Amino acid sequence: MKVIILFTYGVSIKDWESSGLLDREVKIYNHLAEKYEIEYKFLTFGDETDLEYQQEIPNIEIIPLYKYVNKNKIKYFEIIKSFFYPFKIRKILSFENTIIKTNQLWGSWIGIILKIITKKPLIIRTGYDLLTFKRLEGKGVLKIFFYKTLTKLALIFSDRYLVTSENDYKSLNFEFKNRKNKISILSNWVDVDEAINTKRFDNKLISVGRLEKQKNFPELIKQISQSHYELDIYGDGLEKNNLIKLSKESNSLVNFMGRINNDDLLDKLRKYKYFVSSTLYEGNPKAILEAMSAGCIVIVSDAVGVNNIVIHGINGYIFDFEKDNLINFIEKLNENSLKKIVKKSKQYIKDNHDLNVIALKEKGIYDDLL
């Protein structure tokens with residue numbers, strides 16, 4: 001069995017490496033390749049430099065698209081050109097006993113055309129519902145029309161459309177009622193952390209995420225104003241300078257730790273007692289899942305994509321960052337209750353997001369399609 005993983009449009013292996021995601025993104029495919037002898041090929045939007053990472057992932061063949069076609073420097077011309085790339089890809093690759101799988105909805109038009117011309121099964125995977133996110137971001141009418149059309153075409157032509165959460169499943173079923181039989185939930189996976197580290201920061205909080213408006217970091221920064229708590233934020237983004245300015249103005253001790261490798265981040269999470277997130281909306285947030293697995297007490301906003309993971313008082317806490325006082329809330333927490341929270345939190349991850357569980361589900365989808 002062969003599976004061609006079509007990268008998110010515009011993304012290369014080098015991009016994964018520079019963002020600290022390479023090890024994590026590759027792990028599940030390495031697992032499937034070794035356990036079930038599946039032959040994977042990564043079709044990336046990189047050039048020959050992507051091949052420098054081949055030794056790091058010997059189980060997976062890297063095929064950089066821009067080794068075979070010239071990339072147009074003008075963004076919109078390049079997008080138009082991408083509609084013709086499937087015909088070049090068909091000449092480069094063999095499609096015998098093959099499944100095509102996209103890594104995200106963005107760029108799925110290449111996967112759709114590949115399916116049509118090769119007549120091979122197509123899996124379109126989405127980490128989050130792109131259409132819903134663009135609406136929440138307040139994008140214009142034309143962009144919303146484009147994303148809605150792309151979602152509809154993906155549902156029509158795919159053999160299986162994967163979402164990561166119950167919320168996305170319900171949202172798509174509501175909007176595209178006659179496509180229900182194609183949509184499946186395949187949640188994000190986590191390497192379950194069995195170790196229990198009792199030596200953790202008491203007066204330091206950790207948060208992880210892109211420094212963008214969606215993550216709502218200003219509310220979080222204001223919560224620790226003039227307190228003896230520090231906030232360490234791991235991530236980078238366009239809002240960084242604004243957030244640095246706000247932390248100084250509100251007299252909040254915030255450390256902007258930048259972007260780090262995912263494995264290093266997991267080591268960091270084990271050192272913190274509390275993980276906090278004031279996000280406005282999510283798909284199936286990996287950072288929160290990893291924090292739960294690492295034994296952190298997660299305190300999160302009542303946001304779509306989060307409130308179906310965290311059950312208040314059972315495996316974490318739902319908190320109103322706009323109305324309530326975070327420091328007072330933390331200092332009133334009972335230590336015995338927190339131990340139970342950690343235990344339930346780890347069990348939730350083990351039952352629902354363990355790498356082995358998700359990999360087995362993915363293998364089952366391959367078997368169904370072939």
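## Strands and their partners

Two strands count as paired if DSSP finds at least two bridges between them. Strands (E, at least two residues) and helices (H or I, at least four) are DSSP runs numbered from the N terminus. The model here is predicted, so local features need pLDDT of at least 70 and side-chain atom pairs pLDDT 80 or more, while totals for chains, interfaces and linings use all residues. Residues are numbered from 1 along each chain as its sequence is written, and side-chain values use heavy atoms, leaving out hydrogens and water.

Let's start with strand β8 (residues 201-208), which runs parallel to strand β9 (residues 230-234) and is joined to β9 by five bridges. In this pairing, Ile-206 stands opposite Asp-232. Three bridges link β8 to strand β11 (residues 272-277), also in parallel, and here Leu-205 faces Tyr-274.

## Two nonpolar cores

A nonpolar core is a set of buried Ala, Val, Leu, Ile, Met, Phe, Trp, Tyr and Cys residues joined through side-chain atoms within 4.5 Å. Buried means under 20% relative accessible area, exposed over 50%, and partly exposed in between (1.4 Å probe, protein chains only).

The largest core has 65 residues, and among the members touching the most others are Ile-13, Tyr-40 and Phe-42. Contacts (heavy atoms within 4.5 Å) of Phe-42 include Ile-5, Trp-16, Tyr-29 and Glu-61, leaving aside residues up to four places away in sequence. A second, separate core of 27 residues includes Ile-224 and Leu-333.

## A look at Phe-77

Phe-77 lies in helix α3 (residues 75-82). With a relative accessible area of 47%, Phe-77 is partly exposed.
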